[in-house]
Amino acid sequence: MPVTAPTAPSATATASPASHTYNDPTRQNWAFGHRAIPKLIGEVQSADEALQLQALHSLTCRLHEPVDVQEALVAGAVPAISQLLSHAKSLARARAVEIVVLLTEHEQGRAAVLGHSHVETLIKLIADPAEAVRGHALQALWNLSQRTEQVQQIYTTSPHVIDHLLRAVTAEQSRSYQLLTRVLETLLHFFHHGGPPVVAHTLKLGALTTLTKLLKSHVGGQAVRAAAAEDLAAICIHVTTLPDVAKQAHDAGLVPVLVETMDDPFGAVRAAAVQAAMALSIHVASKQQLVAGGVAEKLVRMVGEDQDEELLMNALTAIASISEDYTARYAFQDVIGLIEQLKAHPNRAVAKAAASAMQVVQWRP
Amino acid sequence: MMNAQYAYASEPRPAVAATQRKAKYRSDEPAGNLPPNRPVNIMYDRRIYRGNTYASPILPAYTQPDALDQQRQMQFKRKLKAARRAELQRRPRTPDAVEGRIHMEVQTELYLEELSDTVPEAAVGTQTDAFLDRAPSPLYVPAKLGVDVATQIVDGDLFDFDVEVEPLLEVLVGKTLDQARAEVLEEAELAGLRRRQRDFAARRQAELVEVQRLEQAERRRVEEKERRKAEAARVLAEKQESAAKVAAASFAAAYLANLVPAALASLQDDGFFYNAREREIQQMFLPWLTSQVDARVQRLDVARQLLDGLLEAAVKQITPAAPAPAPQAQAAPASAAADTDPAAAATSNNSMAVDSTNQPDQPTLPDNGGGSGSGAPSTDEVSAKATDDGDGDATAAPESEAQPADALNDQQGDRQQSEGETAAADASAEET
């Protein structure tokens, strides 16, 4: 008989909880049927840290099914993981926040998380030393900021979320560009759904200056630049309601940066920059600055060369706004034919924007 | 540890200095008193080559052999050769070889054997081979007994894994594929939702900007319109104000042209411009004069009345009682009765005023005193009256004296009226 090497003892036997360690999923003790999720939630609250970790990992594997998510919410998953969000081990924190992410992908989960006031803990986890924890916390906040009511609820209970997000913008520039993109996208949600109060709060913190510097420094890839430009557009849309927008845009030198960004090789970045310029051009002084900065030439080139519908719509809307200045109106006389052609564009939004632009460009006193 | 594992045939000794090398002769001092051999640093030993050992050693200049030494060495060598030659010559030579044979030089050093009591020893080591595994015992095959029976299991008789596992695989693979497809579809749907959200947000942003542009344009137009309206109103107000100023200036010029003369005339009418002497005469002298005249007249009147009374009394005493008089004669007693009747004084005054106009000889005393005897009051009388009204205190004393005079005046007026009526009755009687 050949002599075989001794094998390790099987872990699938009736092992005591003390011997459970964070191991591969093939060794997890899952119950069957409706007992699965409640058992895991019970193990999450046990005193054994290894069992806790294993249960957390099992939950992250199981909560991709909406049915399991519903069962977890009914079984009290949200209060069960509240303690683990502040765990000393980064791995446990990461798994707990990942469970929150999985829960917040559903509307009932978002309502449950907001109801249990986990937002404060998530906000603090934005500055966690572990990258995985930060990433999941930002993803959870991004999920929770999909609707206006939720954003207003978050901002009402925790207005300092804006402070933490802006600090994360500066911090993630030297750490992770992917997380930086997520921070900027979360900020965009807050700007869109929070309205003038949130934008005014960010202006007091110098957000416009920070975002302008980020856009100017070309830190990160196209995703970061596009997200930063979209955030600037969301701020500049309030130029008529918040007087600080125009002032800070002028102080931060936003107009030259936007004009320079319109030459970016990526279409998404150009579209976002044109969107920001379009919003800023409502203000008369900013409009003059844009014209003096040479934005007319950029728009003429975009209308003639770009095919992206969003970019065309934004460019035509910007032309309509900027053409209220007479010097810009003269510059756009050469592209009247192109704008006339765009009035028959299959996209209704582009056609409507072209009609408005034509009306303004051809206006005579 | 090294010494325990290794044994030296000749243990290495440290190099010692030349001065401390083993002496030629034995020393009489015991071994313990001898100075210990102090090891010398080998780096300072001339016998040790120092420097690169990989390349051809390049001896320094000072190591180059001295020419004198070389010459000495050559001479020494020549001497040795000469001595060797001389030794060979002195030593008897070996006889020549027999015919047919030659002498061969054979080195017998190898065959030399040193005779000694010491038995040469040599250490020899050997190593046996490792033990080989025991060869397996041959399989015991017992002798065949019984009857041979054969059987054959063909494919398909027993469990066919490929067949049996197929439905399981179908279920597992199918479920997995369905799950994967569902997840992919869900992700695609989510991506589509995000894309639609982005498109909607972009369209909403563009619409919002367009609305804001139109609002701002409308606001600018309204503000411009309000500014122009305010400017027009201001211009109109200025024009109206200037027209009003012009009209007021012209009216004021026309009005003020006669202002000074009219004011002076009014003041003069009001008595602000008066002659002091005339005023004094009017206010002080004439009232006094009038009062004095009035008093004198009253005294005369009283005298006359007394005289009349006396005469009447005398007449009555003289004549009997007369019959009832005629109506004309009744008027006279009526007038006489009216003299003592103050109620008729008012009517008598009127008749007196009428009579006074018909009898210019009768002095007419004004009720208030002062003034001229003309019927129509002149401006001086009016002014005098005004001053009288205003100088009530100054004329209080004369007025108080004039009050009883007024009563006498009334009585006298009544008498005059009666006398006038009597004359009128006589005249009418004569006419009839």
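How many helices and how many strands does chain B have? In this predicted model, chain B has 9 helices and 0 strands, where helices (H or I, at least four residues) and strands (E, at least two) are DSSP runs numbered from the N terminus.

**View 1. Chain B as a whole.** Followed along the sequence, chain B reads α-α-α-α-α-α-α-α-α. Of its 432 residues, 11% count as buried, a class that means under 20% relative accessible area, with exposed meaning over 50% and partly exposed lying in between (1.4 Å probe, protein chains only). Among the contacts in chain B with a separation of 6 or more, 67% come from residues 24 or more positions apart, contact meaning heavy atoms within 4.5 Å.

**View 2. Helices α3 and α4 of chain B.** The axes of α3 (residues 161-257) and α4 (residues 259-270) of chain B come within 5 Å and cross at roughly 40°; such axes are lines fitted to C-alpha atoms, for helices over the stretch in contact, and angles run from 0 to 180 degrees between N-to-C directions. The two helices, α3(B) and α4(B), are therefore oblique to each other, since angles under 35 degrees count as roughly parallel, over 145 as roughly antiparallel, 65 to 115 as roughly perpendicular and the rest as oblique. Here B:Y255, B:L256 and B:A257 of α3(B) meet B:L259, B:V260 and B:P261 of α4(B).

**View 3. The interface of chain B and chain A.** To this contact chain B gives 18 residues and chain A gives 24 residues. The two chains bury about 1900 Å² between them, with 51% of that area on carbon and sulfur atoms; buried area is the accessible area (1.4 Å probe) that two parts lose on being put together, summed over both. On the chain B side, B:Q205, B:V209 and B:R213 lose the most area to chain A, together 31% of what that side buries.

**View 4. A salt bridge between the chains.** The rule finds 4 salt bridges across the interface of chain B and chain A, each a side-chain nitrogen of Lys or Arg within 4 Å of a carboxyl oxygen of Asp or Glu. One salt bridge joins the side chains of A:E230 and B:R198 (3.1 Å, N to O).

**View 5. A:H218 in a loop of chain A.** A:H218 is found in the loop between α13 (207-217) and α14 (222-236) of chain A. The phi of A:H218 is near 55°, a positive value in a residue other than glycine, and at 42% relative accessibility A:H218 counts as partly exposed.

**Notes.** Residues are numbered from 1 along each chain as its sequence is written, and chains are lettered from A and ligands numbered from 1 in the order in which they are written. Local features need pLDDT of at least 70, side-chain atom pairs count only at pLDDT 80 or more, and totals for chains, interfaces and linings use all residues, while side-chain values use heavy atoms, with hydrogens and water left out.
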